[in-house]
Amino acid sequence: MQHKHLKPFPKEFLWGASTSAYQVEGASLEDGKGPSCQDVKSVPVGTTDLSVCADHYHRYKEDIALMAEMGFKVYRFSVSWSRILPEGTGDVNPKGIEYYNHVIDECLKYNITPLVTMFHFDMPAALDQRGSWSNRESVDWFVDYARILYENFGDRVKYWLTINEQNMLTLVGKVLGSLHIPEGCTNELKEIYQQNHHMLVAQAKAMALCHEMLPDAKIGPAPNISLIYPASCKPEDILAAQNYNAVRNWLYLDVSVYGRYNNLVWSWLEEHDATPEFAEGDAEALRMGRPDYIGFNYYNTATCEEEDGTCEVTYAENQQDASGEKGMFRAAANPYLTKTEFGWLIDPVGFRATIREIYSRYHLPLIVTENGLGAYDKLTEDGRIHDPYRIEYLRKHIEQIQLAVTDGVDMMGYCPWSALDLVSTHEGMVKRYGFIYVDRDEFDLKTLNRYRKDSFYWYKKVIETNGSDLT
Ligand code: BG6
């Protein structure tokens, strides 16, 4: 649709950016923090461990001051479960509570709204040993943890996100260092979808608890949503795209918003004897826990075609794409899109299409909780970082948000990935996303000093003008 006039961004639009605890904080075993599954995993060859990251734990004041200088209205960060509960359950670590109190207060000092993710890929290692999400008790572990967060931070945190990218945890958990398959498991698909079910129930219960304990707070999920295109108008390709959309995207939002499983996914699981077992009360819990808004991460779209059941296709060892699923869909190339240096597709128009689709299915306010470009940025001798590629990427995506606003979508805010450079999920420190450059290399910690990238100044202007000046 071509509009005659663009609508402005809403007055209260939340401009900001995101980070996650295990990728940014460092201090991985300091001040009483227990290890998480990320601290004990073997990191991909050639990449740093997660003990220091961007050292945000010690430098959060400086970082939040820089965010304030950019004019942030919101800062999305995650709480490390094992910093709060070193064993995952049981005794609370007072130093952990103190640290997040400081971060929250520092945000509020600058009128930055804290947007808190409760779980971002970092299951406490102690709970990992007890089976992680495969253990039915994980539902209670998560709800108890949520209660502690609400009790301690709920007086100041008004926006919550439950589980970051639950769909990626389910689809590519191995790449994220979080997949836990119990020994002797004979049906991996069933096991994975049982874990997924536990997360869905845990999330629903945490949302209901939030509404009960913090009536003026808002809470939502944060999946990674990418619209799936059919490779052609061949009807079988359309069906394949519907299949992949259901299994990658809608399963998660259908359950969070409507409290019911997506029928296509359910039928597919039935065929593989992989439907999750419902414990007593699960169906009701799913119906009762409803989000107030939807947070979603968007990096790119994907394209697929018919898979007639004849070839062996599986999920790829890559975070974003699947090569296919037997009898459901097969990944196809999209000749219209370019790629980042790290091989990720770039599709700003697909961003608008994704936003429209989510809104038309769920009619809840939307906030973009991640979107961004990973690149090999270079610090020049005079302390500058010229990143026009990032500015161009972000500009094109912000333009599409404004078009979506003009389409009538209720957009709450935009939090690109990431506020500052941090360690990528599986491609190390050299894959940088931030507005703020962190002076360290993969293995050489250097000064850890902060530098403003060109995109820093550009984003500051975007926020100052509420998105009306994107030049
Ligand atoms: C999202 C995750 O999938 O993508 C982040 O929520 C992650 O944790 C981001 O860092 C970018 O991915 P990567 O693999 O480039 O770090």
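## Second largest cavity

Helix H9 contributes the most to the lining of the second largest cavity, namely four residues. Helices (H or I, at least four residues) and strands (E, at least two) are DSSP runs numbered from the N terminus. The structure is a predicted model, in which local features need pLDDT of at least 70 and side-chain atom pairs count only at pLDDT 80 or more, while totals for chains, interfaces and linings use all residues. Residues are numbered from 1 along each chain as its sequence is written, and side-chain values use heavy atoms, with hydrogens and water left out.

By class, the lining of the second largest cavity has eight nonpolar, six polar and one charged residue. Ala, Val, Leu, Ile, Met, Phe, Trp, Tyr, Cys and Pro count as nonpolar, Asp, Glu, Lys and Arg as charged, and the others, Gly among them, as polar.

On a 1 Å grid over the protein atoms alone, a cavity is a set of points where a 1.4 Å probe fits but cannot get out, and a pocket is an open set with protein on both sides within 12 Å along at least five of seven lines; lining residues have an atom within 4 Å of a point. Grid points are joined across faces, edges and corners, and a volume is the space filled by probe spheres set on the points.

## Second largest pocket

The second largest pocket has a volume of about 210 Å³. Of its 13 lining residues, Ala241, Gln242, Asn245, Trp250 and Glu357 lie nearest the centre. Two or more residues each come from strand E6 (228–230), H10 and helix H13 (348–362). H10 supplies the largest share of this lining, six residues. The lining of the second largest pocket divides into eight nonpolar, three polar and two charged residues.

Strand E3 (residues 113–119) is mostly covered, with six of its seven residues buried. Buried means under 20% relative accessible area, exposed over 50%, and partly exposed in between (1.4 Å probe, protein chains only).

E3 pairs with strand E2 (residues 74–78) in the parallel sense over five bridges; two strands pair if DSSP finds at least two bridges between them. Val74 has Thr113 in E3 as its bridge partner. E3 also runs parallel to strand E4 (residues 159–164), joined by four bridges. Here Val116 has Trp160 in E4 as its bridge partner.

## Aromatic pairs

The count of aromatic pairs is 36. Rings of Phe, Tyr and Trp (its six-membered ring) pair if their centres lie within 6.5 Å; planes under 30 degrees apart count as stacked, over 60 as edge-to-face and the rest as tilted. The rings of Tyr100 and Phe153 are edge-to-face, because their centres are 6.4 Å apart and their planes lie at 75°. This pair links distant parts of the chain, 53 residues apart: Tyr100 is in helix H5 (residues 94–109) and Phe153 in helix H7 (residues 138–153). Both Tyr100 and Phe153 are buried.

Tyr244 and Phe329 are stacked, at 3.9 Å centre to centre with 10° between the planes. Tyr244 lies in helix H10 (residues 235–258) and Phe329 in strand E10 (residues 329–332), 85 residues apart. Tyr244 and Phe329 are both buried. One aromatic cluster is formed by Phe9, Phe13, Trp15, Phe72, Tyr414, Phe435, Trp458 and Tyr459.

## Cysteines

There are zero disulfides in the structure, a disulfide being a pair of cysteine sulfur atoms within 2.5 Å. The sulfur of Cys37 is too far for a bond, because the closest cysteine sulfur, in Cys53, is 13 Å away. Cys37 is buried, at 2% relative accessibility. For Cys233, the closest cysteine sulfur is in Cys304, 14 Å away and too far for a bond. Cys233 is exposed, with a relative accessible area of 73%.

## Backbone exceptions

Most residues other than glycine have a negative phi, and most peptide bonds are trans. The peptide bond from Trp417 to Ser418 is cis, with omega near 5°. Ser418 is in the loop between strand E14 (411–414) and strand E15 (436–438).

Phe121, a residue other than glycine, has a positive phi near 65°. Phe121 sits in the loop between E3 and helix H6 (125–129) and is buried, with a relative accessible area of 2%. His363 has a positive phi near 50°. His363 lies in the loop between H13 and strand E13 (366–370) and is exposed, at 53% relative accessibility.
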